Amino acid sequence: MELMGKRIVLGITGGIAAYKAAELVRLLIKQGATVQVTMTEAATRFIAPVTFQALSGKPVFCDQWDPRVANNMAHIDLSRDADVLLIAPASADFLAKLAHGLADDLLSTLTLARNCPLLVAPAMNLQMWENPATQRNIDTLRGDGVAILGPACGDQACGEQGPGRMLEAEEIVAELVAFFQPKLLNGKKVLLTAGPTFEAIDPVRGITNLSSGKMGFAVARAAREAGAQVTLVCGPVSQNTPRGVTRIDVTSALEMHAAVMQRAALHDVFIGVAAVADYRPRSAAEHKIKKDGNSAPSIELVLNPDILSEVAALPVPPLCVGFAAESHNLAEYAEKKRVTKKIPLIVGNLIQDSFGADGNTLILFDENGQLPLPPAPKLELARQLVARIATLLENR
Ligand code: PMT
């Protein structure tokens, strides 16, 4: 229920993506929001208002002269108690109207008369999107403080391919959730590692661990929601990249080391969430190692570089945060890692709570002691961690 208590006015304009707005309303309601739908006349050609009435549980308004509004002030009344006005889909024509302050129907009038933030999710043919007139309008709207969500790139209803698709309903919901998070890391650059590494023994075998990447991806999402520019270096995982996060896929600890060391000095914060293999085979066999009678091969291991320690030892290091997963003696081992790696903050978790799970229990260790974060979904814990990091950055 990420949008519990939020009041959203959803404006729907004319475009084939209007059908996606039905799913959007369903998801917004599921997340606890109240949704008031307003449609343009063109939108009602694509999907009937009754669909949104049924999904939102509220009457849908389309007409400025709607006799149901006793004072005939729908354009004022509808947005007055809203936390946000979201227009999805926003057609090229409607964006042009907004950019020029036109108000010739209920939705454009209430948009002009709003006293709440405005988010728009453009949806149109790629040529319409790329047209300099549309791009000028988008620049104007950005300059006016309007948040532009998307558009995405891909197959279009007209058969063409390119930018102009409306974001999927889940992506718009994620953007709204992010919109409501405090912007504690605005303007900051955050670099993270996540997931396991895979140290090849031969072309098909290797040394790895059970990290799913969920914790690291949650921290990446929370940092981005907090307004940071986020780069996520991740080992082999099957997680979806949080919107707006730059993802760099690597396989081995050496690749992760190279990707991080290239970038670390340019960042304000480095967070090592990855379960990096401490050792790798000295060399990977070129061909599959064949079973040879009953004897087992021995594999010589060598130490991998410690990425976190190396970042912390840079001449001007970013604020470094480590993670420690332990099966026992969590406090003792985590604090020891914090001191050895010379980092201000380490996040301890128990292996049995954390690997692969959707939730976790964390303890933050810093020079002042420990702060337990009780069991919660990983994203919620990640947001609390981000708040702690923001405080450390302020006091740095
Ligand atoms: O991915 P999930 O399934 O969600 O699980 C999350 C997690 C359990 C992997 C995560 O919460 C976690 O605890 N990650 C750290 C695991 C660990 O114990 O790492 P470590 O003790 O090997 O290393 C301590 C710190 O040094 C970590 O920040 C690690 O990223 C870093 N390190 C370690 C070795 C190395 N060669 N380079 C490093 O940077």
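Is the crossing of α5 and α8 left-handed or right-handed? It is left-handed, meaning the near helix is turned anticlockwise from the far one by less than a right angle.

Some ground rules. This is a predicted model, where local features need pLDDT of at least 70, side-chain atom pairs count only at pLDDT 80 or more, and totals for chains, interfaces and linings use all residues. Residues are numbered from 1 along each chain as its sequence is written, and side-chain values use heavy atoms, with hydrogens and water left out.

Helices (H or I, at least four residues) and strands (E, at least two) are DSSP runs, numbered from the N terminus.

Back to the pair. Helix α5 covers residues 92-99, and helix α8 covers 132-143. They pack at about 50 degrees, axes 9 Å apart. Axes are lines fitted to C-alpha atoms, for helices over the stretch in contact; angles run from 0 to 180 degrees between N-to-C directions.

Who touches whom? On α5: A92, L95, A96, L98 and A99. On α8: T134, N137, I138, T140 and L141. Contact means heavy atoms within 4.5 Å.

Now the sheet. Two strands pair if DSSP finds at least two bridges between them.

Inside, β8 and β13 pair in the parallel sense over 4 bridges. V190 has V269 in β13 as its bridge partner.
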